[in-house]
Amino acid sequence: MLDRSIQRLLNASASTRLFVALVVVGVLLATILLTILGAVQWIRQSYDTLDETRRRIGIYRATISTADKLGNVEPASALEDMFFDGTSDATVKANVQAWLQDQATVLNVEVNSVSDLPNRALEQASLVGLRVNLYGPFESVQSLLLKIEANNPPVFIVKAVVSSAATPGADSGPATNVNASLDLYAGSRSTTVRSP
């Protein structure tokens with residue numbers, strides 16, 4: 001059967017043989033191209049995995065380095081200044097919000113709105129969350145972000161979205177105003193019962 005097909009192909013016209021040859025070459029080229037693309041994708045995934053592994057190792061090294069710096073300090077006293085004061089998570093959120101409002105006022109940044117985010121439960125504490133929407137000059141918002149990151153007790157910026165408040169095509173003037181939406185978390189060791 002195969003011999004007959006080959007015989008028919010050999011006896012076929014030149015254009016038919018050329019067409020079959022082009023189809024065979026096309027299939028071979030497509031196979032080679034798909035093989036190369038698969039290899040490139042595998043290499044790219046390997047690099048991504050390697051980068052993620054390096055990032056995690058960096059985090060582990062930083063954690064170990066921090067633990068080494070703490071030395072023989074009692075864990076309770078070392079962590080005492082990691083939490084905002086408050087008798088409940090709601091009080092802690094109010095304290096964080098008041099602190100943020102004070103910092104924003106000093107830097108001429110408007111706090112447009114503040115809303116709650118779900119708390120994150122830890123073993124002996126929790127992280128209370130706030131979503132804050134800000135408006136002000138770029139430099140002032142940037143300074144506020146730096147103050148938030150440098151604060152003690154720490155306030156963690158989990159997510160930040162900053163966008164220009166300028167109208168396209170309009171003269172923005174000397175200071176560019178921006179809108180910023182921040183998801184913030186701060187440590188709380190209140191006595192209220194937390195849901196997991």
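Trainee: Buried means under 20% relative accessible area, exposed over 50%, and partly exposed in between (1.4 Å probe, protein chains only). What percentage of the 196 residues of the chain count as buried?

Mentor: This is a predicted model, in which local features need pLDDT of at least 70 and side-chain atom pairs pLDDT 80 or more, while totals for chains, interfaces and linings use all residues. Residues are numbered from 1 along each chain as its sequence is written, and side-chain values use heavy atoms, without hydrogens or water. Of the 196 residues of the chain, the buried share is 22%.

Trainee: In what order do the elements of the chain run from the N terminus?

Mentor: Helices (H or I, at least four residues) and strands (E, at least two) are DSSP runs, numbered from the N terminus. The chain has five helices and four strands. Read from the N terminus, the order is α-α-α-α-β-β-α-β-β.

Trainee: Is S88 buried or exposed?

Mentor: S88 sits in the loop between α3 (75–79) and α4 (89–106). Its relative accessible area is 17%. Because that value is under 20%, S88 is buried.

Trainee: Which side chain does the side chain of S88 join in a polar contact?

Mentor: A polar contact is a pair of N or O atoms within 3.5 Å; within protein, one must be able to donate a hydrogen and the other to accept it, and residues adjacent in sequence count only if both atoms are side-chain atoms. At 2.9 Å, the side chain of S88 is joined to that of T91.

Trainee: What is the relative accessible area of V40?

Mentor: V40 belongs to helix α2, which covers residues 14–70. V40 is partly exposed because its relative accessible area is 41%.

Trainee: What is omega for the cis peptide bond that joins N152 and P153?

Mentor: Most peptide bonds are trans. P153 is found in the loop between α5 (138–150) and β3 (155–164). For the cis bond from N152 to P153, omega is about 10°.
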